[in-house]
Amino acid sequence: MQDTKPHAAILASPGVGHLVPVIELGKRLVTHHGFHVTIFVITADSSSSAETQLLSSQNPNVLDIISLPRVDISGLLDRAASIVTKIIVMMRESLPGLRSTILSMEYRPTVLIVDLFGTEALDIADEFEMSKYVFIASNAWFLAITIYVPTLDEREEDDHVDGQKPLKIPGCEPVRFNDTLDAYLDRSDQLYGEYIRIGREICTADGVLLNTWEDLEPKTVKALRDPNLLGRVTRVPVYPIGPLAREIGPAVSNNPVLNWLDVQPTESVIYVSFGSGGTLSAEQTIELAHGLELSRQRFIWVVRPPLDNDASGSFFNAGNVADGMSSFLPDGFMGRTKNLGLIVPMWAPQVEILAHPSVGGFLSHCGWNSTLESIIHGVPMIAWPLYAEQKMNATMLAEELGLAVRSAELANGVVGREEIKKMVRRIMKDKEGYMIRKRMKETKDKALEALSKGGSSDESLSRVVEDCVIGLQAAGNRAK
């Protein structure tokens with residue numbers, strides 16, 4: 001007999017940054033809405049230990065996690081293909097494994113939720129008569145550009161890409177050329193075609209879930225729903241259900257990072273991390289080290305070996321042990337700053353750090369997971385975007401929401417040590433930092449209110465659940 005519980009299957013792209021919001025969505029469907037949730041995971045041969053740890057730490061009584069068979073894409077791509085192109089091809093090659101796994105399940109899912117890179121799997125939902133949703137683990141502005149670019153005519157694209165004019169999106173803030181996604185800059189590249197396809201496929205779902213909330217992006221969310229604005233492109237319901245972010249784990253005894261924070265003054269430490277995949281060049285790593293030292297501010301810095309010309313070079317390797325840091329940090333840096341800061345190789349417990357009362361600032365790559373974690377814990381930011389939609393996120397944070405400072409030098413290559421010193425002191429010592437901290441804490445309160453029972457995000461997800469339950473009942477009637 002078919003299980004009477006709604007059963008959601010969620011397909012996650014590889015990489016810890018993609019897994020985190022999918023897992024949080026799954027947990028919320030189980031604990032708040034009585035779903036059974038199966039998460040299908042696609043892992044790479046070089047999956048990081050952080051990803052492995054994240055998956056192994058999940059309660060099997062809450063989430064059913066199934067790893068799909070590994071796929072070999074080595075002969076399908078050029079060696080120089082971007083990390084995003086590799087992820088998209090991995091997702092495509094995993095579709096037969098997803099189909100056969102669903103086919104073999106005793107209780108098949110009644111709804112399929114895919115993330116940005118899994119939209120080709122929506123056809124499988126049709127095969128099995130499942131409801132189908134796309135979960136955009138980023139914000140509404142990112143969704144807006146993703147679905148709007150496929151509708152542009154050649155002249156509009158030329159004005160934006162060749163003429164470097166801002167891209168006007170109906171009802172939304174325009175996207176400056178310097179902030180636009182790299183995928184849209186070369187129309188001859190495979191990635192451009194993939195993004196255009198994804199933008200079109202998103203709008204074939206039954207609805208789109210967004211990891212944002214109504215109060216954070218009211219103008220953009222309204223435009224996505226308005227048939228006279230961007231809603232004429234969306235054509236399906238949009239559900240802001242965020243912020244869905246990693247929660248603080250069980251208390252860890254004798255963690256050296258948290259132990260160090262315990263003896264620092266309140267809001268005195270700036271946390272420096274570039275996410276699960278971000279890497280800096282050798283020159284930028286040296287300048288960042290000097291800038292932190294010159295600031296005379298306490299710091300925790302998650303350090304990875306530098307890599308020139310690949311800002312996402314650690315995407316599948318975060319969490320591995322890095323040796324020989326002294327070979328790429330300035331001579332004597334670790335000795336001179338041993339009483340000022342803490343160097344952490346490769347990975348740190350970020351949520352626990354941001355939640356600690358000693359932390360007063362976050363120098364971040366502005367990945368959306370990190371942004372939400374910073375907001376939820378009320379920590380003001382220095383915006384230092386590296387790749388993907390991070391430049392758009394940084395602009396929103398610094399210019400629209402007033403939750404971060406950002407340097408103009410980022411657009412010109414290497415950010416110098418003096419500029420880094422100034423940014424750190426702006427956020428940690430100056431009046432500007434005090435005002436940003438105040439706004440950040442106000443935003444935190446609104447974010448938690450949206451998630452609380454009866455809040456806008458809670459109600460939004462409840463509407464999705466109602467539609468899924470109706471679909472389950474209809475499927476049961478058809479089976480009789």
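User: What makes Trp301 and Phe333 an aromatic pair, and which kind of pair do they form?

Analyst: A search of the whole structure finds five aromatic pairs. In one of them, the rings of Trp301 and Phe333 lie 6.1 Å apart, centre to centre, with 85 degrees between their planes. Rings of Phe, Tyr and Trp (its six-membered ring) pair if their centres lie within 6.5 Å; planes under 30 degrees apart count as stacked, over 60 as edge-to-face and the rest as tilted. The pair of Trp301 and Phe333 is therefore edge-to-face. It links distant parts of the chain, 32 residues apart: Trp301 belongs to strand S9 (residues 298–303) and Phe333 to helix H13 (residues 333–336). Helices (H or I, at least four residues) and strands (E, at least two) are DSSP runs, numbered from the N terminus.

This is a predicted model, in which local features need pLDDT of at least 70 and side-chain atom pairs count only at pLDDT 80 or more, while totals for chains, interfaces and linings use all residues. Residues are numbered from 1 along each chain as its sequence is written, and side-chain values use heavy atoms, with hydrogens and water left out.

User: Why is the contact of Glu24 and Lys27 called a salt bridge?

Analyst: A salt bridge is a side-chain nitrogen of Lys or Arg within 4 Å of a carboxyl oxygen of Asp or Glu. The N to O distance for Glu24 and Lys27 is 3.2 Å, so the pair meets the rule. Both residues are in helix H1, and because they are three residues apart there, about one helical turn separates them. By this rule the count comes to 27 salt bridges.

User: What divides the chain into domains, and how many salt bridges run between domain 1 and domain 2?

Analyst: An automatic or database domain assignment sets the bounds: domain 1 covers 7–243 + 453–479, and domain 2 covers 256–447. Their C-alpha centres lie 28 Å apart. Between domain 1 and domain 2 there are three salt bridges. Elsewhere in the list of salt bridges, Asp179 pairs with Arg406, their closest N and O atoms being 3.6 Å apart.

User: How do you know that domain 1 and domain 2 are in contact?

Analyst: Contact means heavy atoms within 4.5 Å, and 37 residues of domain 1 meet 28 residues of domain 2 in this way. Carbon and sulfur atoms give 63% of the area buried between the domains, which is about 2800 Å² (accessible area, 1.4 Å probe, lost on putting the two parts together and summed over both).
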